[in-house]
Amino acid sequence: WLAEYCARDPSHLIGVATLPMTDAGDALDEARRCVEQYGFRGVWRRPEQLAGLARPDDDDYEPLWSFLEEADVAMAVHPGLNGVVPADELRKRYRDDYTAMHAVHFVSEQIMALTTFVAGGILERHPRLRVAFLESGATWALSYMHRLDEHLETFGFDRARLSMKPSEYFRRQCFVSVEEPEPALGVMLEAYPESIVFASDYPHGDGTFPGSTRELLETTELSHGAVHSILRDNAERLYGLTAR
């Protein structure tokens, strides 16, 4: 379906494949099918960990990361909250208050996913793999990367055998997304100028359309070059579109 949809205007519509989470081999097969057969420029999966399934930093997933790295295709991580996602602890803590659960779930899951890619050594073993942590804002990553750097210095990440600081992996390989000029976005851009992309969240209820780019285009808090990077240049880097 998505390949047919994108074929209507391939210069503007670029597919990202949904990967199954129940089996790492199936995920690799679907990534290979969508990249090689349909020309998709990315794949995505949820960050949530379901009981009994392989984790992204398990050996089972190494062939997938190697394939994406060699194919120059991006990996996107996008959380969600519905009846399928394990959220019993959130329901207990917030008395099934969906708004509170939604606010906490997205950022906390992305923090754990980013930690897995760093502390699990995925970014160390696959230096050309690009990973985007989407739909959770951007500036949370600024303080969290500082925290991971501190933990490397204080405790170390023995399992990952890191050769760089976590923030250096993030700067080299990772991306986050914004929908508006968040507080401290300028500071985040100074630290990671090539790691922030725009996402409209269309057609979800909390997305804005039309006019989803208006606040970024009209802000006086960011330079024209910074806005251009968010809206275009960094996405080209993420999805490997510059040479297309």
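Just after helix H3 (residues 62–71), aspartate 72 takes a positive phi of about 60°. Helices (H or I, at least four residues) and strands (E, at least two) are DSSP runs, numbered from the N terminus. The model is predicted: local features need pLDDT of at least 70, side-chain atom pairs count only at pLDDT 80 or more, and totals for chains, interfaces and linings use all residues. Residues are numbered from 1 along each chain as its sequence is written, and side-chain values use heavy atoms, with hydrogens and water left out.

The buried residues of H3 are Glu62, Leu64, Trp65, Phe67, Leu68 and Glu69. Buried means under 20% relative accessible area, exposed over 50%, and partly exposed in between (1.4 Å probe, protein chains only). These H3 residues pack against helices H2 (24–38), H5 (98–119) and H6 (122–125), and against strands E2 (42–45) and E3 (74–77). Contact here means heavy atoms within 4.5 Å.

Helix H5 has 22 residues, which at 1.5 Å a residue should span 32 Å; the end C-alpha atoms lie 30 Å apart, which agrees. The expected span is 1.5 Å times one less than the number of residues. H5 bends by about 25° at histidine 105. The bend is the angle between axes fitted to the seven residues ending at a residue and the seven starting there. Aspartate 97 caps the N-terminal end of H5, with a side-chain oxygen 3.1 Å from the backbone nitrogen of threonine 99. After H5 comes glycine 121, with a positive phi near 80°. Among the buried residues of H5 are Met101, His105, Phe106, Glu109 and Val118.

Valine 118 is buried, at a relative accessible area of 2%. Beyond its neighbours within four places in sequence, valine 118 contacts Leu123, Leu148, Ala160, Leu162 and Pro166.

Glutamate 48 lies in the loop between E2 and H3. Glutamate 48 counts as buried, at 1% relative accessibility. A polar contact of 2.8 Å joins the side chains of glutamate 48 and histidine 105. The glutamate 48 side chain also reaches the backbone nitrogen of glycine 80 at 3.1 Å. A polar contact is a pair of N or O atoms within 3.5 Å; within protein, one must be able to donate a hydrogen and the other to accept it, and residues adjacent in sequence count only if both atoms are side-chain atoms. Residues up to four places away in sequence aside, glutamate 48 touches Met21, Pro79, Gly80, Val85, Pro86, His105 and Glu109.

Six strands form an open, parallel sheet in the order E1-E2-E3-E4-E5-E6. Strands E1 (16–18) and E6 (196–198) stand at the edges with a single partner strand each, so one side of each is left without a neighbour in the sheet. Neighbouring strands are turned by 30° against each other on average, direction ignored. H5 packs on this sheet, touching E3, E4 and E5, and its direction makes about 160° with that of E4. Axes are lines fitted to C-alpha atoms, for helices over the stretch in contact, and angles run from 0 to 180 degrees between N-to-C directions.

Strands E4 (131–133) and E5 (174–178) pair in the parallel sense over three bridges. Two strands pair if DSSP finds at least two bridges between them. Phenylalanine 133 has valine 176 as its bridge partner in E5, and alanine 132 has phenylalanine 175. Three bridges also join E5 to E6. Both faces of E5 are covered: Cys174, Val176 and Val178 on one side and Phe175 and Ser177 on the other are all buried.
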